[in-house]
Amino acid sequence: MNPTFNSVCSFESLLRAYRRARRASPKSHDTLAFGWHLEKNLLQLRDELMNGQYRHGAYREFVVEDAKKRHIKAASFRDRVVHHAICSALEPIFERRFIGDSYACRAGKGTHAALRRLEVWLRRGDDPYVLSCDISKYFASINHENLMMLIASRVSDSQLVSLCRSVVESTEDAPGRGIPIGNLTSQLFANVYLDALDHHAKRVLGIRRYIRYMDDFLIFGKDTASLHETKARIVAFLGSRLGLVLHPKKANVFPVVVGVPFLGYRVFRSHRLLRKSTVMRFARRVRQYKLLLASGDMEPEAFFAGMRSWSAYADDAASSGLKRSLAGRLGISFAPFISFQTAL
């Protein structure tokens, strides 16, 4: 059943959206302030939406450095309630269309499922070569009009399409381009945008083994010549249909025996290793965090939480020797319970 604008903007829908939005940051000032007068705020938000008076607010901007430097734009809690209401209505519509081997930001998918799928293909050994691709500045390059046409092709309610447009156009990196990485809607819209590539790869190009996690995707083949031809056809499709380009340094064909770089790991038929760049970023971050600890600008609990998180991430690869080496080089411990003195 196609969602309607009225159902998305109903008090019941907004209340459910509020509860989902609250889970991400239950103790933030923005969340608590909205919840203090919850009924009043939800009724006001509903009335603004229904009367066409809703306007998306400004964003709080900050930079996160992980695999790459990312400019994050965080919407207010009030706007995030609207984002959740939109996504709850649209996700079932688009989920039915998404291919099985698209793994980012989908229920029952995720990084672990994507890596397991990749390992199954590698163990079968049918395709000795792989084309690994990354789209250059993906979120900043999404064309608003192209995206809105894709949304409107599946959503018949014009008011709901207009509401989606108001979120899409609440920010732009260039005229008519760009969606903010921090929005929940952006995760869905980014999958909707590249769903066109997924179906082109599977239906038009006839690719059997294609896997995508957001803007990173892999294509397996029998020989390098066919994969280079596939790459050229994908470049043409991305440019003409979606206004996107592949990253010039991250679109390569190589044999799978050297390991397939994907989602922070280098994946082989029998095991995974952490990528060198991943390890280097972790070491750099630990040195920065230790300075913050020593100056009192970081709480020990935050440091320990980061350690435990990265340790669990590393455990998904063959990393015991690496962790011992890092512990010695950085003067840290990967034990589950470590003291502030030991960490320093």
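Which helix holds H84? Select helix α5, residues 77-95, and H84 is there; helices here are DSSP runs of H or I with at least four residues, and strands are runs of E with at least two, numbered from the N terminus. The model is a predicted one, in which local features need pLDDT of at least 70 and side-chain atom pairs count only at pLDDT 80 or more, while totals for chains, interfaces and linings use all residues. Residues are numbered from 1 along each chain as its sequence is written, and side-chain values use heavy atoms, with hydrogens and water left out.

Stay on H84. Its relative accessible area is 17%, so H84 is buried (buried is under 20%, exposed over 50%, partly exposed in between, with a 1.4 Å probe and protein chains only). Beyond its neighbours within four places in sequence, H84 is in contact with A17, R20, A21 and L184, contact being heavy atoms within 4.5 Å.

Next, select α8 (residues 144-152) together with α9 (residues 158-168). Their axes come within 10 Å and cross at roughly 150°; each axis is a line fitted to C-alpha atoms over the stretch in contact, and angles run from 0 to 180 degrees between N-to-C directions. The two helices are therefore roughly antiparallel (over 145 degrees; under 35 is roughly parallel, 65 to 115 roughly perpendicular and the rest oblique). The crossing is right-handed, meaning that the near helix is turned clockwise from the far one by less than a right angle.

Show the side chains of this contact: H144, E145, L147, M148, I151 and A152 from α8, and V161, C164, R165 and V168 from α9. Seven of these residues are nonpolar, one is polar and two are charged (Ala, Val, Leu, Ile, Met, Phe, Trp, Tyr, Cys and Pro count as nonpolar, Asp, Glu, Lys and Arg as charged, the others, Gly among them, as polar).

Move on to E169, in the loop between α9 and α10 (184-204). E169 has 42% relative accessibility, so it is partly exposed. Outside the four places on either side in sequence, E169 is in contact with H144 and E145.

Finish with the cysteines. C164 is buried, at 0% relative accessibility, whereas C105 is partly exposed at 41%. How many disulfides are there? The count is zero, where a disulfide is a pair of cysteine sulfur atoms within 2.5 Å. For C164 the closest cysteine sulfur is in C87, 8.5 Å away and too far for a bond. For C105 the closest is also in C87, at 9.9 Å, again too far.
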